[in-house]
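Hi! Here is the structure I promised to pass on.

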Amino acid sequence: MRDDAPGASGELLELDRRHVWHPYAPMPGRTPPLLVESASGVRLRLAEPAFGKRELVDGMASWWSALHGYNHPVLNAAARDQLERMSHVMFGGLTHEPAVRLAARLVEITPAPLEHVFLADSGSVSVEVAIKMCLQYWRSVGRPAKRRLLTWRGGYHGDTWHPMSVCDPDGGMHRLWSGALPRQVFADAPPAGFDADPEPAYARSLRELIARHAPELAAVVVEPVVQNAGGMRFHSPGYLRVLREACDEHGVLLVFDEIATGFGRTGGVLFAADHAGVAPDVMCVGKALTGGYLSMAAALCTSRVADGISRGEFPVLAHGPTFMANPLAAAVANASVDLLLAQDWAAEVKRIETGLVSGLAPAAELPGVRDVRVLGAIGVVQLDHPVDMAAATAAAVSEGVWLRPFGDLVYTMPPYVTDDADLALICRAACAAARAG
Ligand SMILES: *Cc1c(COP(=O)(O)O)cnc(C)c1O
């Protein structure tokens, strides 16, 4: 895809190909990545032009995370300021203001009964911690047989072991591990459509499955409203109410993985749970937490869960990553959350939604396109065949936009600071990618 890669760039790319793993990639690498030199606002600056473009508008927000764009003066200042105090100290026996303030802030902005916060170093780890909280809760209250999980198909919860066990069992890479992963209970994927009325038959099947497996179930784990990496599917918030009721009725904990959906991405509400007016027992946030600057995630739980764990024979939550609650990440997260809440973020997301709806509409007319859907600042073009990733990416880059299609999907979740002209460009590139892919 590079026009050429002379000198230092060529050397870096050759070293990259030989030594460096990329996500879901072979070794040595087959498709040369683009070398990014810097990033500012919504633009990535490449070391060498690709298809004549030296700058690309980032339609991916670095996988849902860069809400405020790159090299943001406020986030830079927060990082710099914290760097001069300390970039890290261990969290065992020590604490610090950035972590305490962040935890209190998260408790304040998430659904009310969530009271206690575990600051983890990545989304997958926060899901591990959420699962550990649930299993340990049941152990502590004398129900150790409750250690399986229930989820619906089409989900994605990360690439470490237990999160992988609740990812879609057939999709993606996780099929490779069937037989090795813990065997969880799977419901069918929720019927599609954010605005669709919940289907009574599906709701009944969810209730029945939870009732049937309740004696062995620790928790139901789902992504609320948007299943992201499992297929970018939207569903009715009504199913979250069904899950809440069935979990309460049958004594099962409910975990919402809001790592992708959090911080306003789905439009109108800060967290997707708020579309349903439902609170989970445990909730994970990550990705946009630090505005895309540093790796940090959190698992929040209710007092009931924490008290249960604390009453157990082993009354501590046995988890403590080395870089837990990293002060630098926490300081940037505080600045990012402040920045988000200080603006009319709902209006910005609405503006992006409107731009995506009109900008992606032409894609619906293209041959090979099955569906075009938009929710909040998420736009999806679904093809009726697997996307030719190289061709689709090249088409987007030729338009001056960075997109990363996968499966049968060309999709975008731009930074909220993307202006209308750049948004229109992203949509044109997504249409071009869908045509080429
Ligand atoms: C990205 C993602 C994860 C994993 O987070 P990492 O930080 O990549 O480990 C888990 N759940 C959901 C819903 C995600 O989108």
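**What I found**

Let's start with Pro28, which sits in the loop between helix H1 (7-19) and strand E1. (Helices, H or I with at least four residues, and strands, E with at least two, are DSSP runs numbered from the N terminus.) The peptide bond that joins Met27 to Pro28 is cis, with omega at about -5 degrees.

Before going on, a word on where this comes from. It's a predicted model, so to speak: local features need pLDDT of at least 70, side-chain atom pairs count only at pLDDT 80 or more, and totals for chains, interfaces and linings use all residues. Residues are numbered from 1 along each chain as its sequence is written, and side-chain values use heavy atoms, with hydrogens and water left out.

**The sheet**

Which strands make up the open sheet, and in what order? There are four, running E1-E2-E3-E15, and their pairing is mixed. At the edges you'll find E1 and E15 (401-402), each with a single partner strand, so one side of each has no neighbour in the sheet. Two strands count as paired if DSSP finds at least two bridges between them.

- E1 (residues 36-40) and E2 (residues 43-50) are antiparallel, with four bridges. Val36 stands opposite Leu46 in E2, while Ser40 has Arg43 as its bridge partner in E2. The hairpin of E1 and E2 has two residues between the strands, and Gly41 there takes a positive phi near 60 degrees.
- E2 and E3 (residues 53-58) also pair in the antiparallel sense, over four bridges. Look for Leu44, whose bridge partner in E3 is Leu56. This hairpin, too, has two residues between its strands, and in it Phe51 takes a positive phi near 50 degrees.
- E3 and E15 are parallel, and two bridges hold the pairing. Here Val57 has Val401 in E15 as its bridge partner.

Where is Val225? You'll find Val225 in the loop between strand E7 (217-222) and strand E8 (226-227). Val225 is not a glycine, yet its phi is positive, at about 75 degrees.

**The ligand**

- Asn228 has a polar side-chain atom 3.2 Å from an oxygen atom of the ligand.
- Asp257 brings a polar side-chain atom to 2.6 Å from a nitrogen atom of the ligand.

On its own, the ligand has 380 Å² of accessible area, and the protein covers 82% of that. (Accessible areas come from the Shrake-Rupley method with a 1.4 Å probe.)

Happy exploring!

Key:
A polar contact is a pair of N or O atoms within 3.5 Å; within protein, one must be able to donate a hydrogen and the other to accept it, and residues adjacent in sequence count only if both atoms are side-chain atoms.
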